[in-house]
Amino acid sequence: MAACCSGAAILAVFALIATLLALLYAPGPVGGAAAVTGPPLLLLLLLRRLRRRDGGTDRRVCVLVLGDIGRSPRMQYHVLSLSKHGYQVTFVGFLDSKPHRDVLTEENIKIVSISEVKGIKVGPKILTYVTKVVAQSLQLLHVLLNMELQSHILMQNPPGLPSIAASWLVCFLRGSSFIIDWHNYGYTIMSLSHGAAHPVVRLAKWYEHFFGPLASHSLCVTNAMKDDLRENWGIKATTLYDRPAAIFRETPLKLQHELFVRLADTHPQFRHSGRDGEDGELERTVFSVRDLTDDTVTLRAERPALLISSTSWTEDEDFSVLLKALEEYEDLIKGGASLPSLVCVITGKGPQKEHYRKLMDSLHLQHVEICTPWLEAEDYPVLLGSADLGVCLHKSSSGLDLPMKVVDMFGCCLPVCAIHFKCLHELVKHEENGLIFRDSEELAEQLKSLLSEFPSSDGRLGTFRRNLRSSRGQRWDDNWDQNVLPLITGP
């Protein structure tokens, strides 16, 4: 009963907002007898105006991310797929980091930048949170109502507060189709820092459960999430597995060397430690050598292994697990184990980055070097395709989503060590394309086992890479055409 009353209250608020919008958007004064019949009449006029279609309406789609679009690869892929099929795409989100070059250069794609609202910073925290949600809602309504009529709004969740409600209201007012792409559940991410019993977390859970089913269509990232949405949310979703884009592939040696040279300018871990004058006809990095006389590139036989991980530096990835494993790996070498040195590259931006960088600086490792570069969108797949082993520490807050970073690594035929969680088996096949671990000790043992024959390709690491080469599945384009295009073109 309480849920029904709350739902009615929410709808009443939206009706009031719609009436206020009618007053704002409808031209001309209101007075006299019109005061009685005016608001309903103005609302009808507003709806007629907002739903006015033209010849291009059916070919326009808005893609919305209440986050940094440069760090939202799946939504960038949606945008590129829509553009490929001739749709005019309006891409709405924060423009904090540079999106992929194709997103910036495609004529069919228009980026509309919105800003992250902070809320009032005085008074209790709940006031800051409420004012942030209200201000962000008004910003989204302003942007979405002022753009040309879109046939569909496709939005990412999470984050979905307040974008699910705002998008649904706009689609209701304008007659657009509303599609939610469920990457996870927002309330489960909030519970990592606040606890599941926190009132804000409970409100966020109710919010997603109430507004989620209002979408015209839903996408999700795993079959486990599809089942959960159907059984516990009453939502019929289509599973759209993350698939690597064509840019994720094994990197040719020359491109590897060019990237290593660029990274060596800012990150000493990539620099060759020998004397510059020992051979003026060779251009060296710690991994590669280029012969300037004939432009050939080779990998150094004594090179360290290149270990890569990527992260958003949030609570659902505990990088202390990797750091402890690297310490144990260091102890193995000091104890006489025949293992290569490591260069561990951890890419990404996020709130906990500085915390972990301080921990890294305190390690003082001799045989393991760690760097945390931020890579341009074009360089990230090149580095993945140059690496020897990937590590994933993503532990789904809901247990129902999969790490896209592993998808990208597999696209580059890069074997992965991934930390265990509920539905990881849908992606990582233990002892086939990688290994699954539960703690730092197990990860250290896996590093020892996989790198014991490095750089030879005869060991387990080489076997996993060959398995990935021979079992390449669908790429993103075919997967999208099969699962999403029918939702866009259908009635």
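Mentor: Let us begin with the elements: helices (H or I, at least four residues) and strands (E, at least two) are DSSP runs, numbered from the N terminus. The model is a predicted one, in which local features need pLDDT of at least 70 and side-chain atom pairs count only at pLDDT 80 or more, while totals for chains, interfaces and linings use all residues. Residues are numbered from 1 along each chain as its sequence is written, and side-chain values use heavy atoms, with hydrogens and water left out.

Trainee: Where is Cys413, and what is its phi?

Mentor: Most residues other than glycine have a negative phi, and most peptide bonds are trans. Cys413 sits in the loop between α14 (404-411) and β15 (416-419), and its phi is positive, near 55°. Glu431, also not a glycine, has a positive phi of about 70°; its place is the loop between β15 and β16 (434-437).

Trainee: Is Cys413 buried or exposed?

Mentor: Burial is judged by relative accessible area: under 20% is buried, over 50% exposed, and in between partly exposed (1.4 Å probe, protein chains only). Cys413 is buried because its relative accessibility is 0%, whereas Glu431 is partly exposed at 43%. Cys371, in strand β13 (residues 368-371), is buried with a value of 4%. The C-alpha atoms of Cys371 and His267 are separated by 7.2 Å, although the two residues are 104 apart along the chain.

Trainee: How many salt bridges does the structure hold?

Mentor: Side chains of opposite charge can pair when their charged atoms come close. With a salt bridge taken as a side-chain nitrogen of Lys or Arg within 4 Å of a carboxyl oxygen of Asp or Glu, the structure holds 22. Among them is Arg60 with Glu148 (3.7 Å, N to O). Arg60 lies in strand β1 (residues 60-68) and Glu148 in the loop between α5 and β4, so this pair ties together parts 88 residues apart in sequence. Arg60 is buried, with a relative accessible area of 9%.

Trainee: What contact does the side chain of Asp316 make?

Mentor: The Asp316 side chain makes a polar contact with that of Thr314 at 2.7 Å. Such a contact is a pair of N or O atoms within 3.5 Å; within protein, one must be able to donate a hydrogen and the other to accept it, and residues adjacent in sequence count only if both atoms are side-chain atoms. Asp316 is found in the loop between β11 (305-310) and α11 (320-334).
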